[in-house]
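I'd like to walk you through a metal site today, so let me put it up on the screen.

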Amino acid sequence: MTKFKFSVGPWNVHEGADSYGPATRKTIPIEEKFKKFAELGFSAVQFHDDDAVPNINDYTEEEIKEKAREMKQKLDKYGLKAEFVAPRLWMDPHTQDGGFMSISQEDRDYAMWRAYRSIDIAHELGTDLIVLWLAREGTLCAESKSPVWATKMLIEAINKMLEYDPKIRVCIEPKPNEPIDRSICGTIGHVMAISAATIDPSRVGGNLESAHAILAGLDPAHEIGFALAMGKLMTVHLNDQNGIRYDQDKSFGVENLRAAFNQVKVLKENNYGSHGEYVGLDVKAMRTTRDEDSYKHLENSLNIFKALEEKVERFDYDFQKKCVENRDFESLEMYVMNLLMGLA
Ligand code: 3MF
Ligand code: MG
Ligand code: MG
C-alpha cells in the first residue's frame, strides 16, 4: 500500500498535438477525466485558472467565482480535491513578451489580474496553493530585457499576491528554458532565493519537476532534497526526460530509473506528504498513443512510482552504512543496481 496521495492535471490527458503536427486524439470532456482520475486512484486535481474557468477573459470577477464553484461541484462528485491553481499566462495575446516581466505595464497589469483571479478560483476550489510556471518570463533576445529588473518584477508580483490574500501560498515551478531562451528563475536554487526576498518567505516555495531539473543539467532528487532542506517543497511534478532535449514530460522513471528511485527515496525518507502534500504527476502520452490508451501513461507512472516505493522500503540501510564506513561505494552501487534489476 502506498503512503502517498497523488495528483494530476487535466492537461495530462491531451489530444497529442505538438509544434510540428496536429492532434492525434479526440478531446475528452473534463468531467470524464475526473471520473477516470478517481478510478485510477488519484486524490486531487491540479488546475490552470482556465481549466477551472474556460474563456476566463470573458467574465467578471463574480462570474469567475461562480464558474469555479460549479467546477468544485464536479470535483466533489468524484471525491477529488483541488491541489493548486496556476495562471496560464503563456497562452494569452497580452503575454507574448511574458506576464509579470513584460516590458508593457498594461500586460503586467493583465498578468496580475490573472494571478488575483487564480487566487479567487483557488478559494472556491478549496485550496490555498498557487503554482507559477513562468513560461515566457525571461528573454528570447538577451539584450531585450535586464535580468536585474526582471527578477525584481517577479518579486514584486509575488509580494502583491501575498498581500492580496494573507493565507495564499505561492509555489514557483522552475524551468531553465522552453518556450523561452533564457529563463529568469531556472532552478530550485533560484526559487529559494526569490522566496527569501519576498515579504513572507514561509509562504513562497517550489514545485520541482523532474524533467525541468534534467533540462537544467541537474539531478531531480538533489533538487527535491535542496527544497526539502529549506522546508519549501510545496509540491512535485514527477515525470522523465531523455537528456537535454525539448521538454518531453515522459512517464515517471521510463528513461532514468535509478534517478526515479532516488526521487522516491528522498521523498519517503523525509516524510513528504505528512503536511498534506501530493505527489503530482506531469506526464504526457506519446503522440502515437491511440484514443483508447489515453490514460495509460498515468497508470504506468503510478505503477512505476509504487514499485519504486516498495524498492525503497526494502532498501538495506545497514548494508548501506557498512559500505559507507568502508568507503565501498562500488558494492553500494551494485547493490542498488541489483535491487532495481530484481536481483537483490
Ligand atoms: C511545462 C509544465 C507545465 C506546468 C503546468 C502548471 C504544462 O513544462 O511543466 O505543464 O507544470 O502548466 O503550471
Ligand atoms: Mg514541464
Ligand atoms: Mg510541470
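So, here we have two magnesium ions, ligand 2 and ligand 3, sitting 3.7 Å apart, and Glu 209 coordinates both. Quick housekeeping: this is a predicted model, where local features need pLDDT of at least 70, side-chain atom pairs count only at pLDDT 80 or more, and totals for chains, interfaces and linings use all residues. Residues are numbered from 1 along each chain as its sequence is written, chains are lettered from A and ligands numbered from 1 in the order in which they are written, and side-chain values use heavy atoms, with hydrogens and water left out.

What coordinates the magnesium ion (ligand 3)? That's Glu 173 and Glu 209 through OE, His 237 through ND1 and Asp 282 through OD, at 1.9 to 2.3 Å. A donor here is an N, O or S atom within 2.8 Å of the metal (3.2 Å for Na, K and Ca); water is not among the atoms, so sites may look incomplete.

Over at the magnesium ion (ligand 2), we've got Glu 209 (OE) and His 212 (NE2), at 2.1 to 2.3 Å.

Buried or exposed, these two, Glu 209 and His 212? Both are buried, meaning under 20% relative accessible area, where exposed is over 50% and partly exposed is in between (1.4 Å probe, protein chains only). His 237 is buried too, with a relative accessible area of 1%.
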